[in-house]
Amino acid sequence: MLKIGITGGIGSGKSTVSRIFELLGVPVYYADDRAKDIMVRDPELAAQVKHHFGEEMYDAHGALNRKLLGNIVFNDKDKLALLNSLVHPATIRDSDNWAQQQHTPYVLKEAALLFETESFHHLDQVIAVFAPQPLRVHRVMKRDNVTRNEVLARMYKQIDETIKMRLSDHVIYNDEQHMVIPQVLDLHKKFLELATAK
């Protein structure tokens, strides 16, 4: 089975593109959503989080205090790197287990941080979804009801879009100048051919 990554900066529309692949019957692993779940469901990871950040990160019922943890890591680059170093390996393990349970020629792993976390090494190919920065800023401001500066602050935590595009095997342009569905159908056909040849 082929494992294809799909990434892109905040507001690029990678979730929208992923949903089009889902309509074609392709299973999609949403890494960011699963990571939140794993932090509660994986006892080994929860123990590591408690060890490094304190017992108060989880309540008596085992629920994660996301706000408290967020306040710590988003104001401290080293703490954020530490948290990522705990969560990303657990997410990679989880996505590998998930992929083994699928019965399709290929699967997609949607993640904002594929190159930043080195998890692209576990994938056969990567698609990047591209949209110009002004459009991405506008989309996120509208979607999350946040200011331009808040969006830019989030963007600066991700690697530069041009680097992301260069590192990827395929680029889907979601810039309101190109039709997205024909681009997805073209890649879907390529991946089916590749999976058959594998």
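Q: Where is Leu24 placed?

A: In this predicted model, Leu24 sits in the loop between α1 (14-23) and β2 (28-30).

Q: Is Leu24 buried, partly exposed or exposed, and which residues make a nonpolar surface patch with Leu24?

A: The relative accessible area of Leu24 is 32%, so Leu24 is partly exposed. Leu24, Ile181 and Leu185 make a nonpolar surface patch of about 250 Å².

Q: Which element supplies the largest share of the lining of the largest cavity?

A: That element is α5, with four residues. β1 (2-7), α5 (77-100) and β3 (106-110) each contribute at least two residues. By class, the lining has seven nonpolar, three polar and three charged residues.

Q: What is the volume of the largest pocket, and which residues lie nearest its centre?

A: The largest pocket holds about 1700 Å³ of space. Among its 50 lining residues, Asp32, Lys36, Phe74, Ala112 and Leu113 lie nearest the centre. α5 gives the most to this lining, with ten residues. By class, the lining of the largest pocket comprises 19 nonpolar, 15 polar and 16 charged residues.

Q: What is the volume of the second largest pocket?

A: The second largest pocket has a volume of about 160 Å³. Its lining includes Gly9, Phe130, Arg136 and Tyr156, and divides into five nonpolar, three polar and three charged residues.

Definitions and conventions. Residues numbered from 1 in each chain as written. Predicted model: local features only at pLDDT ≥ 70, side-chain atom pairs only at ≥ 80, totals over all residues. Heavy atoms only, no water. Nonpolar A, V, L, I, M, F, W, Y, C, P; charged D, E, K, R; others polar. Patch = residues over 30% accessible without salt bridge, like charges linked within 9 Å, V, L, I, M, F, W, Y side chains within 5 Å. Areas by Shrake-Rupley, 256 points an atom, 1.4 Å probe, with all protein chains shown as cover. Salt bridge = Lys/Arg side-chain N within 4 Å of Asp/Glu carboxyl O. Buried < 20%, exposed > 50% of the residue type's maximum accessible area, 1.4 Å probe, protein only. 1 Å grid on protein atoms, 1.4 Å probe; cavity = no way out; pocket = protein on both sides within 12 Å on 5 of 7 lines; lining within 4 Å. Points joined across faces, edges and corners; volume = space filled by probe spheres on them.
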